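User: Please go through the helix packing and the ring contacts of this model.

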Amino acid sequence: MMYLLNNKDRVGSLLILVFAIVYLKYALGLPLDPTAGDDSFNARTLPVGLSIAAIAFALLELIVSTRRAGDGRINAAVQGFSWLPTLLLVLSMAVYAFVFDSLGFILASYLFLHSGFLILGERRLLLSATVALALVMFLWSMLTQAFGIYLDSGDLFRFLAGLSN
Amino acid sequence: MIDGIITGLYTAFSPINLMMVLLGCFAGTFIGMLPGLGPVSAIALMIPITYGLDPASGLILIAGVYYGAVFGGSTSAILINAPGVSGAVATAFDGYPLAQSGRAGKALAIAAYSSFAGGTIGAVLLLVFVPILAKVSLSFQSADYFALMLFGCTAIAAFSGKGQVLKAILMTLLGLMLATVGEDPSGIQRFTFGNADLYDGISFLLLSMATFALAEALIVILKNAGGSAPASNLHSSSLGSLSVSREERNDIAPAVARSSILGFFVGILPGAGATIASFLAYGMERNLAPDDKQDEFGRGSYRGLAAPETANNAASTGSFVPLLTLGIPGSATTAVMLGALLSYGVQPGPRLYIDNPAVFWSVIISMYVGNIVLLVLNLPLIPYISKLLRVPRQLLTPIILFFSLMGVYLVSFNTVDLTMMVVIGVIAVVFRVLDYPLAPLLLGFILGGMLEDNLRRALLIWDGSFAFLWQRPITLTIMIITLLTLMVPMVSTLRGGRRFRHPDTMSE
């Protein structure tokens with residue numbers, strides 16, 4: 001089983017196959033426009049057609065990939081990958097999205113950039129902090145002052161501003 | 001037509017639009033030079049800025065970014081043997097050996113002159129062919145458009161190379177399926193699961209940023225290309241002279257002329273694009289060269305450098321033909337442009353020529369202006385611009401990620417989009433690692449809405465019958481071409497044989 005799954009083509013087509021089956025299940029449950037009568041084309045037509053085509057092609061790819069020559073092993077393809085920094089960076093992006101409303105543009109962006117620099121191995125803390133702060137402040141000034149775009153200062157800033165008043 | 005050209009000239013030469021071309025070319029050169037970031041990422045990064053502009057200015061900026069990024073990609077191919085775009089791979093064959101032999105400046109100059117010539121001849125051919133094709137396509141109906149959309153989807157799969165055809169079809173279908181998320185024309189919510197953030201569907205900008213800019217930056221980290229080192233240890237002093245002698249110009253001139261025409265016509269074919277054009281031109285010149293010159297190919301041949309550079313620029317121009325006349329993108333880049341046009345409220349296709357002559361002609365004229373900007377301003381500045389390659393990757397990559405995230409946020413001001421972008425970006429990385437092309441996904445997503453609208457209209461006109469597929473001659477012709485385009489590589493794939501992987505032709 002593991003031997004079968006250790007193949008880029010097969011895993012990719014399996015992922016799409018599963019997605020297409022789930023998509024088809026929901027497509028068949030889509031509501032129809034009650035005012036449209038028995039229209040030949042409704043909200044389900046294209047999704048159902050697409051999912052059937054995707055299932056057919058995914059199965060075909062699964063069959064064809066077993067006959068295909070060449071090295072498509074996943075473990076060979078991912079050999080030497082830097083998983084930790086990539087995962088940490090993905091996590092930092094997710095955290096950035098999560099805390100953006102609370103911390104506001106300046107603080108959240110600064111923390112994201114600074115942590116990104118550190119994750120990728122930048123050890124000069126002063127340089128990291130300066131570049132991150134300079135970039136964020138430059139962008140903030142450009143967007144808010146030059147283009148007149150409103151950027152949320154964040155719940156934390158509003159809370160602290162409320163305390164000081 | 002003359003009125004249209006005058007309107008286009010007036011629009012293209014307005015101060016704001018000249019500034020857009022300049023800005024686009026510079027920004028595109030900077031971004032395109034970074035290994036891993038191609039024209040699609042460059043355009044995706046710039047799109048949020050264009051939302052505040054009128055459609056003509058927005059598209060002019062994007063076209064400038066496109067040309068700049070192609071030029072930037074060639075620069076990194078020559079200087080550090082790291083083509084920023086797949087269309088510049090063939091450029092590196094002779095460009096890098098020239099740079100290694102101390103003739104980097106000359107190689108860059110030849111690349112710039114060839115690009116200029118390719119772009120210029122391409123722009124002239126565009127000027128001739130687009131109005132003719134636009135007039136022909138005015139007779140098209142919904143049924144024909146539906147067939148054209150199908151052709152657009154399948155052509156990409158067909159040009160993906162052996163072993164990639166089925167994968168490209170699957171990714172196109174995935175893109176088409178993603179396009180159905182949101183409210184359909186009859187007002188029914190599809191696949192929104194009651195989430196108000198999905199009512200308008202997935203934003204094309206979010207998808208293009210996540211699948212290209214974000215995914216490419218993450219792949220660079222994953223592969224640890226260069227580690228914490230700068231992108232290049234290049235020193236500007238090592239570039240050498242930027243001048244090209246008369247003899248050298250005479251040597252490359254025939255190759256430039258041939259490659260321009262070849263590149264333009266290959267570029268018109270949906271799905272073919274700059275990569276195939278550059279390889280074809282390189283192969284053609286090597287075959288045509290005298291025996292003593294053939295040995296120079298791959299070791300620093302001026303013709304070997306000029307041919308792919310000319311062809312990829314001419315093909316980039318050619319890829320605008322199906323976009324501007326039929327409303328179907330011929331490459332991932334023009335697919336992103338199509339998405340941008342739709343978001344400006346401009347419908348590309350034969351009516352663009354009539355309804356928005358200012359947009360239509362100013363974009364064509366701006367392409368020419370963009371070529372002049374690249375030659376006159378960017379080339380002398382290359383020694384300075386190339387210093388960007390010395391910025392450490394550990395600083396550059398988070399900044400690229402930050403700009404990608406900001407690009408999406410500044411359009412919707414919704415942090416849910418940021419989360420969605422991260423999720424889609426991770427899925428895109430998984431498919432990249434599995435060697436599934438992402439460009440067809442984006443193309444399927446962008447064509448999805450139009451494909452459904454035209455199919456709906458065609459069925460309405462034909463009383464729910466699919467007879468339009470064989471009873472309308474234009475539809476039937478396009479459908480036959482579509483089936484042939486799809487079946488030939490598929491049969492070849494199914495019959496097996498030696499595996500041949502083509503570079504991802506849709507990445508430029």
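Analyst: α9(B) passes α12(B) in a right-handed crossing, the near helix being turned clockwise from the far one by less than a right angle. This is a predicted model, in which local features need pLDDT of at least 70, side-chain atom pairs count only at pLDDT 80 or more, and totals for chains, interfaces and linings use all residues. Residues are numbered from 1 along each chain as its sequence is written, and side-chain values use heavy atoms, with hydrogens and water left out.

User: At what angle do helix α9 and helix α12 of chain B pack?

Analyst: Helices are DSSP runs (H or I, at least four residues); here they are residues 246–268 and residues 302–318 of chain B. Axes are lines fitted to C-alpha atoms over the stretch in contact, and angles run from 0 to 180 degrees between N-to-C directions. The axes lie 7 Å apart, and the angle is about 30 degrees.

User: Is the pair of B:Phe129 and B:Phe264 stacked, edge-to-face or tilted?

Analyst: Rings of Phe, Tyr and Trp (its six-membered ring) pair if their centres lie within 6.5 Å; planes under 30 degrees apart count as stacked, over 60 as edge-to-face and the rest as tilted. The centres of B:Phe129 and B:Phe264 are 6.0 Å apart and the planes are at 45 degrees, so the pair is tilted.

User: Which parts does this pair tie together?

Analyst: B:Phe129 lies in helix α5 (residues 89–137) of chain B and B:Phe264 in helix α9 of chain B. The pair therefore ties together parts that are 135 residues apart in sequence, namely α5 and α9 of chain B.

Technical notes:
Chains lettered and ligands numbered in written order. Helix = DSSP H or I, 4+ residues; strand = E, 2+ residues; numbered from the N terminus.
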